[in-house]
Amino acid sequence: MSSNTAIMGNLPSGIGIYTTIPDIFYLPELIFGGLVWILVACTLVVPQNPQGWVMFVSVFCFIMTFIWMLVFACGGHHNNSSWATADVLYHVIAAFFYLSASVVLAKVTLDMKDGSNFQIYQLDISAVVFSYVSTLLYFIHSILSAIRWKSF
């Protein structure tokens with residue numbers, strides 16, 4: 001039990017971010033978030049406003065997660081509670097953004113069901129699935145980051 005607390009209580013750096021919980025979620029977040037970005041970009045962005053929000057969320061979270069992962073990998077953080085707090089806040093915000101984008105994307109996709117372009121409809125369905133997977137990953141990461149933050 002104490003070894004688990006020691007792992008959760010320290011902010012990793014270097015290759016440790018790929019082997020510790022919750023930081024092991026960085027790569028899946030990048031993969032699934034990138035897939036959402038690519039799939040929505042491959043479709044017609046109609047209607048522009050809701051799909052624009054989905055694109056903003058997917059690009060913003062992809063870039064910020066990549067930067068956040070680089071900060072941790074390069075050891076640019078200090079092992080203190082302010083970085084752990086920032087980690088929790090970022091992942092809570094990202095989970096909320098992705099949830100809102102997923103709901104919007106699902107609504108737009110349902111509205112396209114009777115459309116004539118079946119290929120775009122299939123791409124949008126894939127984007128919805130990957131968006132909800134990304135939401136789940138960010139949500140789990142935020143919960144595990146909060147547990148780590150409480151152990152400081």
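Colleague: On what basis are the features computed?

Modeller: In this predicted model, local features need pLDDT of at least 70 and side-chain atom pairs count only at pLDDT 80 or more, while totals for chains, interfaces and linings use all residues. Residues are numbered from 1 along each chain as its sequence is written, and side-chain values use heavy atoms, with hydrogens and water left out.

Colleague: How is a pair of aromatic rings described?

Modeller: By the distance of the centres and the angle of the planes. Rings of Phe, Tyr and Trp (its six-membered ring) pair if their centres lie within 6.5 Å; planes under 30 degrees apart count as stacked, over 60 as edge-to-face and the rest as tilted. By this rule there are 15 aromatic pairs. One of them, Tyr26 with Phe72, is tilted, at 6.2 Å centre to centre and 40° between the planes.

Colleague: Which parts does the pair of Tyr26 and Phe72 tie together?

Modeller: Tyr26 lies in helix 2 and Phe72 in helix 3, so the pair joins parts 46 residues apart in sequence; helices are DSSP runs (H or I, at least four residues), numbered from the N terminus.

Colleague: Are Tyr26 and Phe72 buried or exposed?

Modeller: Buried means under 20% relative accessible area, exposed over 50%, partly exposed in between (1.4 Å probe, protein chains only). Tyr26 is buried at 0% relative accessibility, and Phe72 is likewise buried at 0%.

Colleague: Which residues do ring pairs link into a cluster?

Modeller: The cluster consists of Tyr26, Trp68, Phe72, Trp83, Tyr90, Tyr98 and Tyr138.

Notes:
Helix = DSSP H or I, 4+ residues; strand = E, 2+ residues; numbered from the N terminus.
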